[in-house]
Amino acid sequence: MNDEANVGVFYSAGRDLDAVMRQAAVRFPDGRITLLLPPELVEARRNTDASTEIITVRPVRSVGGFVRLARLLRRHRFSDFITCYPSRPLRLLAAVSGARRCASVDEQGRWTPLSASLALALLGVACNELRGHAAWLRVWAVVRFQRVRTGEQPPRR
Amino acid sequence: MRIAFVDPMFVWPPPGGAPVDLTYAMQGVAQAGHDVRLFLPDRDRWWGERNEAELPVPATRVPFDAAGPTRRTIGPRFREAVDAWRPDVVHLGFSFFLKPCLAAALAHHPLVLHYYAYELTCPRDYRIYLNGRTCPNNYLRTPDVCRRCTFEALGPDLRHGEPTLYAAEYLDARAYTPGYHRAVIAMIQAARAVIVNSPVEAARLAGLHPDVRMIPPGVDTDAFPAAPFPAPEAGRPKAVLMAGRAEDPAKGVDVLRQAAEALAEQRRDFEVRATWRHEERNTPWFRAVGWCTGEALRRQYAAAWCCVMPSLWDEPFGLVAAEAMATGRPVIASRVGGLGELVEDGVTGLLFERGDAPGLRDCLDRLLDDAELCARMGRAARGRIERQYAWPRIVERCYLPLFEEVVR
């Protein structure tokens, strides 16, 4: 599809990476594919045919870790960045990767384009947080103030 | 008789637990001459590499959009598919929080409700195991306590707007509301019969339904054939196996480690093998063998002198123990939940009290000293499984009479 594609595939522990890598290889038959993996998965993926390179990435636990990961991704100058899920954190990561095209792909080959715009990704994260906090508050209020009438409620903890 | 098995969480091929149980039950009922069909959501991600053509019974995949089943769609869609097939009885299997919606939509059929692990009595998780002990609460009887506890556990997940499947279903099904509790009670009462796996589970439903049936999961005795007892060899350690989800703290691996450590001070002729991945915690007498299934698991059972299930939570049944027994190995188990029923103390294995590491050490010491006792208990264990827990026996003794009674 794209002779000069430099494709970064970001790992997911939950998804079948073999299937996702196969999808990437089909989409970019002549592209250079780099698989970004945490240290514990590197050994198991040594023989992944589709990847021309494996890069170890540290799990992100802080803003500093996220910035370091973003810098690493940008250094590789990916033309395409693929994630296994279209989750908000991965959308954000895709947006800061510097890639021109970003997408999430699942085992069945469904491609979901992700915005490469950092502003849109940040807006998405903010909206999501807002929605999440609103849901949390709603549930808290119901659990706190609405009781179940059963007639038997021993106060046990 | 036409029997519809409805299971929104079915996974093919079944990795373990409820889908395995359901697969064998459906297969057995179909082999008995009944017309059986599985109804499940049409979701590709729940189908592995194997084709649904390999399923032991025909299936109807109920269509849903990308969001999957929701509170509003799950009932009408399944109802339409099931009604079109005109079953005589509907068996409702494992689900998360949407089960009451589904039950309400199918309640016009004779309904058999299958209750897996502690799904109805603990919305927080299925183990009723909290802070290192079995939780005394029961959502059916102490709903407000359990609602608060569930919210404490799922709240952080909700706050970031991208909840897990479990938390998303909790939100969608409005499982935090008082109305949801009424829906759960209504579901239990609408069923003609309720299936549980063990007396412990039955006790938690006591008084809520007049016909709670205890049906243990079966064992595929062909998949786990009796293996000859490993011959003692000089210089080779006697293997003690802990199979299953050893990573789960509720499974009690720490109790086993304590017991083995104490035993290692007296003797060095044994090795505990656990199906977990933490090789960094290996010791000369404790070895991680990684997650094992299929042939690898059968080899582990066959190589072991005995198997240990030091569970701290009330195991609904103890399938790993049953598989070990089918292979002809004695089981040392804690006296919890279904394990206390499955293992006959002194006959098919040994029982010790929950969390009692010295007690477990003594049991291990006794079996490791006596190959003849191990072999004898192993033979008795195999016999018990063949007589009571082999799938054809379970289907013949439990499922077929149940469906016939429900239809009458």
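## Chain A at a glance

Of the 157 residues that make up chain A, 41% count as buried. This is a predicted model, so let us begin with how the chain is put together. Its secondary structure comes to five helices and six strands, and along the sequence chain A follows the pattern β-α-β-α-β-α-β-α-β-β-α. Looking at contacts in chain A between residues at least 6 apart in sequence, 52% join residues at least 24 apart.

## Where chain A meets chain B

How many residues does each chain bring to the contact? Chain A gives 27 residues and chain B gives 27 residues. Together the two chains bury about 2,600 Å² between them, with 53% of that area on carbon and sulfur atoms.

On the chain A side, the elements that give two or more residues are helix H4 (88-96) and helix H5 (118-145). H5(A) gives the most to this side, with eleven residues. By type, the residues of the chain A side divide into nine nonpolar, eight polar and ten charged. Arg138(A) counts as partly exposed because its relative accessibility is 42%. Leaving out residues up to four places away in sequence, Arg138(A) touches Leu171(B) and Tyr176(B).

## The two domains of chain B

Chain B is divided into domain 1 (2-218 + 391-407) and domain 2 (238-389). Taken over C-alpha atoms, the centres of these two domains of chain B are 30 Å apart. Their contact takes 18 residues from domain 1 and 19 residues from domain 2.

Domain 1 and domain 2 of chain B bury about 1,500 Å² between them, 60% of it on carbon and sulfur atoms. Across this domain interface the rule finds zero salt bridges, and the count of residue pairs in polar contact is four, both residues at pLDDT 80 or more. The elements giving two or more residues to the domain 1 side are helix H7 (199-204) and helix H14 (391-407) of chain B. H14(B) supplies the largest share of that side, four residues. The domain 1 side divides into ten nonpolar, four polar and four charged residues.

## An enclosed helix and a buried glutamine

Why is helix H3 (residues 99-106) of chain B described as largely enclosed by the rest of the structure? Because six of its eight residues are buried. The buried residues in H3(B) are Lys99(B), Pro100(B), Leu102(B), Ala103(B), Ala105(B) and Leu106(B). Their cover includes strand S1 (2-6), helix H2 (74-85), strand S4 (89-92), strand S5 (111-114) and helix H6 (178-190) of chain B.

Elsewhere in chain B, Gln300(B) lies in helix H9 (residues 294-303). Gln300(B) is buried, with a relative accessible area of 16%. Setting aside neighbours within four places in sequence, Gln300(B) is in contact with Leu241(B), Arg273(B), Val289(B) and Cys292(B).

## Salt bridges

Side chains of opposite charge can pair when their charged atoms come close. Over all chains, the structure holds 26 salt bridges. In one of them, the side chains of Arg2(B) and Asp35(B) meet at 3.0 Å, N to O. Arg2(B) lies in strand S1 of chain B and Asp35(B) in strand S2 (residues 35-41), so the pair ties together parts that are 33 residues apart in sequence. Arg2(B) is partly exposed at 28% relative accessibility, and Asp35(B) is partly exposed at 35%.

Asp369(B) and Arg267(B) also form a salt bridge through their side chains, at 3.0 Å, N to O. Asp369(B) belongs to helix H12 (residues 357-369) of chain B and Arg267(B) to the loop between helix H8 (253-264) and strand S11 (270-274), so this pair ties together parts that are 102 residues apart in sequence. Asp369(B) is exposed, with a relative accessible area of 57%, whereas Arg267(B) counts as buried at 12%. Another salt bridge joins Arg287(B) to Glu271(B), the closest N and O atoms being 3.3 Å apart. Arg287(B) is in strand S12 (residues 286-288) of chain B and Glu271(B) in strand S11, so the pair ties together parts that are 16 residues apart in sequence. Finally, salt bridges that share partners join Lys238(B), Arg267(B), Asp269(B), Asp365(B) and Asp369(B) into one network.

Definitions and conventions. Residues numbered from 1 in each chain as written. Chains lettered and ligands numbered in written order. Predicted model: local features only at pLDDT ≥ 70, side-chain atom pairs only at ≥ 80, totals over all residues. Heavy atoms only, no water. Domains from an automatic or database assignment. Contact = heavy atoms within 4.5 Å. Buried area = accessible area lost by both parts, 1.4 Å probe. Salt bridge = Lys/Arg side-chain N within 4 Å of Asp/Glu carboxyl O. Polar contact = N/O pair within 3.5 Å; in protein donor to acceptor, adjacent residues only side chain to side chain. Nonpolar A, V, L, I, M, F, W, Y, C, P; charged D, E, K, R; others polar. Buried < 20%, exposed > 50% of the residue type's maximum accessible area, 1.4 Å probe, protein only.
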